[in-house]
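The following report describes how two protein chains meet in a model and then turns to individual positions of interest. The sequence and structure come first, and the description follows.

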Amino acid sequence: MRPPRWAERAGRAARAALGAGLLLWQGASVLGVPGLSTPLLAWGPLHEQVRYRVEVELPGGRLTPDAVAQRYGLSRRFTDARGEDWELNRLSDVLEGIALYERTRGAGDGARVRVRFRRNGGAEELWQWPAPGEDAR
Amino acid sequence: MSPRSPWPAALWVVPRLLSLRHPALAPHGVLLAKLLAAAWVLTGHASLLPRVHLPRLALLEGLPPGGAWRLGVAAVGLLCALAVLVSRHTRLACLGLAAVQGVGLLAARGDFQHNRLFCALLLALLGLSGARSQAWLPRAQVALLYLGAGLDKLGDADWRGGRMLSSLLAELARYGRLWAPGGQQGAPNTVAALLSAADGFGPHGWLGLLLSWGVITGELLLAAAFLLPGRAARWGALGGSLALQVGVYLVMGGPMGMFVYAGLAAALLAVPPAPHVRLLGAPARLGAWLRWLDVEGRVSLGPGARVQARAEARVEARVEAHTAAGVHTGARAWLVAALALPAVHLLLAVAVCGPWVRPSLVLALALGGAALGLCGRTRLHAAARLPPAPARPPAPAQVGQEGAELDAQRVQALVAAGDAE
């Protein structure tokens, strides 16, 4: 049975509003509108390419690369013969994931994390958890 | 679906697969949804859903990290893809498939990929669009992707200076090809090796700079072309997006997940295939193939070459494709007619999404398509000279009779035109 005309119109309007809302949210993210933007929808494919290696020291010893990937849910899609990972999205996503894990699930592990990375073939940089000067929680 | 479909009832799925009819969606929207679903299935993306780990959505935190939920979500995704492919509840199935891909993106913080997000959003907006007033939604999505990508690169000093691209090519030359269906990851990447070895491709070389700015301006122009009305903009969007996606495939040695497939299929939004093509001068035996491949009568045949050969030799060599927009001749006529058939698009999807795909095959298809498109001429708005096309392709016996009548009209018209010249 065909729905009444008003229901069809309401459905069309709801779909249009939802679709337009999705697009506007992306637009706000692309333009970096405060309060509305999210990095997820800011469209930065191939923003950078980063070679990186994550080293994790626990009180019981150092984790293997596979155990590190398991701990932080890293995909390890592109690992070369030297055991270095390659990220074609933003490295900040990886670093935020590590920090979030260590703040929550791994908070009591006393882990010390070092990420050595080269962004776009540049000089080696170092990111640490906990940040230098802070104790491992 | 046409009641005159030659497919036996047991194979009902084939005519449904080849059908683009939908009460609300435009045919090219249905075709885009089918191509995205086919690519998702053929490339095995159902098996690439990540395990739940530090999800971006708190709701997903309670899900078991192991394989059970992945199996369930993948099964839902495959059902939705199947529904899209056989035109059952197309819009709802589009939303379902988009949701499955979205859940995959939100389930693991460390496994976010733009290409999957693009595919999911395109499907979601196809599911939300429908009536004519919302048909712009998927096109705006494509424009936003290119705008965001272009602005992001424009704002980055490494992209502007060419350092990002030159370092990426050096890494690709060392690492090899990226992921592609069939497990070719790490195989030698000839294009990246040739480019990175070229003079002028150093950290601040002119070639790297040229390519970087080519990508940045290309993406920004594509964003505008997908939004602007007008024939030039639409054809620019089509040509530009095809060139960009084929270039990405060749340089990266793979489709970047779903990115190249979604980008290629989205070109349909710029220039939709002709809804109906009347092909004149084609062999009459083509009608037998069309009965099977063209279940909705999108291509109909005019006078056959054999009939025309009796009347005048110069007519025989000419193949014309008549569409609502104009008349295409030469190889371009064949291309226009072929691209009006959903079966051809789906066959191309199988060719480039299966484990047999190689960069050489992608290059050959792109060059072949470009050559066919360039070999021929188009006269716009000349279709009125011909009698209206029938809704269905005529049966082979009718082609001869109708062909003889049309042939007489046509030869008279051509001879008169020739005399006038």
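In this predicted model, the contact between the two chains draws on 47 residues from chain A and 50 residues from chain B. Together, chain A and chain B bury about 4,300 Å² between them, and 62% of that area falls on carbon and sulfur atoms. Of the area that chain A buries against chain B, 18% is supplied by Arg15(A), Leu40(A) and Trp43(A), more than by any other three residues.

Several helices of chain A take part in the side that touches chain B: helix H1 (5–31), helix H2 (65–72) and helix H3 (91–103) each supply at least two residues. H1(A) provides the largest share of that side, namely eleven residues. When the residues on the side of chain A that touches chain B are sorted by class, 19 are nonpolar, 16 are polar and twelve are charged.

One position of chain A that meets chain B is Gly73(A), which has contacts, leaving aside its neighbours within four places in sequence, with Arg51(B), His53(B) and Gly110(B). Gly73(A) belongs to the loop between H2 and strand S3 (85–87) of chain A. The C-alpha atom of Gly73(A) is separated by 12 Å from that of Val54(A), although the two residues are 19 residues apart along the chain.

In chain B, Arg278(B) is a part of strand S1 (residues 277–280). A polar atom of the Arg278(B) side chain lies 3.4 Å from the backbone oxygen of Leu301(B).

The table sets out the accessibility of the two positions just described.

| Residue | Relative accessible area | State |
|---|---|---|
| Gly73(A) | 13% | buried |
| Arg278(B) | 5% | buried |

Gly73(A) counts as buried because its relative accessible area, 13%, is under the cut-off of 20%. Arg278(B) is likewise classed as buried, because its value of 5% is also under 20%.

Notes:
Residues are numbered from 1 along each chain as its sequence is written. Chains are lettered from A and ligands numbered from 1 in the order in which they are written. This is a predicted model: local features need pLDDT of at least 70, side-chain atom pairs count only at pLDDT 80 or more; totals for chains, interfaces and linings use all residues. Side-chain values use heavy atoms; hydrogens and water are left out. Helices (H or I, at least four residues) and strands (E, at least two) are DSSP runs, numbered from the N terminus. Buried means under 20% relative accessible area, exposed over 50%, partly exposed in between (1.4 Å probe, protein chains only). A polar contact is a pair of N or O atoms within 3.5 Å; within protein, one must be able to donate a hydrogen and the other to accept it, and residues adjacent in sequence count only if both atoms are side-chain atoms. Contact means heavy atoms within 4.5 Å. Buried area is the accessible area (1.4 Å probe) that two parts lose on being put together, summed over both. Ala, Val, Leu, Ile, Met, Phe, Trp, Tyr, Cys and Pro count as nonpolar, Asp, Glu, Lys and Arg as charged, and the others, Gly among them, as polar.
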